[in-house]
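Work through the following exercises with the sequence and the structure side by side. Try each task before reading its solution.

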Amino acid sequence: MNKIEAVIRPEKLHDVRTALLARGIGGMTVTEVLGFGRQRGNHYSYRGTSYEATFIKKVKLEVVVPENITDSVVDVLVANARTGSVGDGKIFVTPISRVVRVRTGEENENALTPALESAVVS
């Protein structure tokens, strides 16, 4: 299993979520985050005063998937989060050694969202 973390533009979240749901990925965690990379922040002017916002608003989407669909999920993320401009984000893939569903005690792939079963089979 792998954990995929994608830091993307907030305005692309709907497109990414829709595409992941269509792929059978039903469980995800989304967090509003601040950061910067090549963008280095934005410069604004308000009432004649110039100021710099050094951190840019992004969202971080996290999903855990079986290894055999990791590459296709990353491809879906790239295709639906890309605008072609600096600041589109990053995707990180990390191996996960164990997952436990707290309510039932199910482990690993059995502990992942039931909607994922259709994604694993396809």
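**Exercise 1.** What percentage of the 122 residues in the protein is buried?

Solution. The model is predicted: local features need pLDDT of at least 70, side-chain atom pairs count only at pLDDT 80 or more, and totals for chains, interfaces and linings use all residues. Residues are numbered from 1 along each chain as its sequence is written, and side-chain values use heavy atoms, without hydrogens and water. Buried means under 20% relative accessible area, exposed over 50%, and partly exposed in between (1.4 Å probe, protein chains only). Buried residues make up 31% of the 122.

**Exercise 2.** Which residues of the largest nonpolar core touch the most other members?

Solution. A nonpolar core is a set of buried Ala, Val, Leu, Ile, Met, Phe, Trp, Tyr and Cys residues joined through side-chain atoms within 4.5 Å. Among the 17 residues of this core, the answer is Leu-20, Val-73 and Leu-77. Two or more residues each come from β1 (2-8), α1 (13-22), β5 (56-65) and α2 (70-81). The largest share, five residues, is from α2.

**Exercise 3.** Is Thr-54 buried or partly exposed?

Solution. Thr-54 lies in the loop between β4 (49-53) and β5. Its relative accessible area is 39%, so Thr-54 is partly exposed.

Methods: Helices (H or I, at least four residues) and strands (E, at least two) are DSSP runs, numbered from the N terminus.
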